[in-house]
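Colleague: I would like to learn how to read a model like this one step by step, from the whole chain down to single residues. Could we go through it together?

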Amino acid sequence: MKKMTISTLVKQKQNGDKITALTAYDASFAKLFDEQNVDVLLIGDSLGMVLQGQDSTLPVTTAEVAYHTRSVAAGVNAAFVIADMPFMSYSTPAQAYENAGQLMAAGASMVKLEGGAWLCETITGLKQRGVPVCGHLGLTPQSVNVFGGFKVQGREDDKARQLIEDALALEAAGAQMLVLECVPTKLGKAVTDQLSIPVIGIGAGVHTDGQILVMHDMFGVSANYMPKFSKNYLAETGDLRKAVALYIEQVKNGQFPGPEHSFDK
Ligand SMILES: Nc1nc(=O)c2c([nH]1)NC[C@@H]1CN(c3ccc(C(=O)N[C@@H](CCC(=O)O)C(=O)O)cc3)CN21
Ligand SMILES: CC(C)C(=O)C(=O)O
Ligand SMILES: [Mg+2]
């Protein structure tokens, strides 16, 4: 398989060929996922919860994400590698450039930032400096203390409109991909239809251009809880590789996420 690129992912959106994504934190699983042809691997700051056992992503550092990015990059052949920028590592454009540089040097092909229109200057500046950016809207876990918990976002009409405006602003600023987390199915579809860049959903319904899951949830081994939108693929396959293959198959044919993994309103 040839190295995945952003232009191939955009073509997948245009062709309705669903994009498959998983989190990964080490070389062995990165290689296993890559061999099953997962399109995108994310070194998520979820590592604070699933690897470190903390109750939020806030304590994660850029050095920690860089460490796991080096490991994942060493195991990858074709998959597109995105690294999360941790909480408070992109508060100003200058701080974002410094920390994004660490993640790109560690082997990422893109960095992901949580937030809306306030990030536009940072996104434009990163892109001008050679750093592709993925946005992240909806339930942005780094704002858990503002939300008062890991709660579905964009349920009210005004909040939904605001989210769509933020998504359009991120795209206009130069974001080349978007993760949309924990929003009603209808909002997931509206954002996906209005953007030209690929929209990867997690708990955002079946209409996004692709899906991502935290790998520990897909295998049913998460230390803390299992979000409603996740599915344990190891339970029904009994084999790591078969679990990944079934996840890919069900994303591609629209079987996952089903209504039981989505939020109607
Ligand atoms: N194991 C794991 N899976 C994840 O998907 C994940 C992490 N950890 N850590 C970082 C963030 C935190 N995330 C979470 C965590 C919990 C819920 C959750 O419990 N959501 C409720 C929704 C409640 C409502 O209706 O508002 C749920 O029932 O799924 C959602 C996303 C997503 N990310
Ligand atoms: C759940 C995904 C989108 C993420 O941001 C993470 O794993 O940190
Ligand atoms: Mg994250």
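Colleague: What radius of gyration does the chain have, and what would a compact globule with 265 residues have?

Modeller: This is a predicted model, in which local features need pLDDT of at least 70 and side-chain atom pairs count only at pLDDT 80 or more, whereas totals for chains, interfaces and linings use all residues. Residues are numbered from 1 along each chain as its sequence is written, and chains are lettered from A and ligands numbered from 1 in the order in which they are written. The radius of gyration is taken over C-alpha atoms, and the globule rule is 2.2 Å times the number of residues to the power 0.38. For 265 residues a compact globule would come near 18 Å, and the chain, with 17 Å, agrees with that. The C-alpha trace spans about 45 × 40 × 40 Å along its principal axes.

Colleague: How many helices and strands does the chain have, and how do the strands pair?

Modeller: In general, strands of a sheet pair through backbone hydrogen bonds, either parallel or antiparallel. Helices (H or I, at least four residues) and strands (E, at least two) are DSSP runs numbered from the N terminus, and two strands pair if DSSP finds at least two bridges between them. Here there are 12 helices and 8 strands, and a closed barrel of 8 strands runs β1-β2-β3-β4-β5-β6-β7-β8 with parallel pairing. As one case, β5 (residues 133–138) and β6 (residues 177–181) run parallel and are joined by 5 bridges, with V179 in β6 as the bridge partner of H136.

Colleague: Which residues surround ligand 2?

Modeller: A residue is near a molecule if its C-beta atom, placed from the backbone, lies within 6 Å of it. Around ligand 2 these are T23, L42, G44, D45, S46, D84, V179, E181, I202, I212 and V214. Ligand 1 has 18 residues around it, of which F150, K151, V214, P227 and K228 come nearest.

Colleague: Is I248 buried or exposed?

Modeller: A residue is buried if 20 or more other C-beta atoms lie within 10 Å of its own, exposed if 12 or fewer, and partly exposed in between, with C-beta atoms placed from the backbone. I248, which lies in helix α12 (residues 240–252), is buried, because 21 other C-beta atoms lie within 10 Å. Not counting residues up to four places away in sequence, I248 touches T20, Q36, N37 and V38, where contact requires C-beta atoms, placed from the backbone, within 7 Å.

Terms used:
Contact = placed C-beta atoms within 7 Å.
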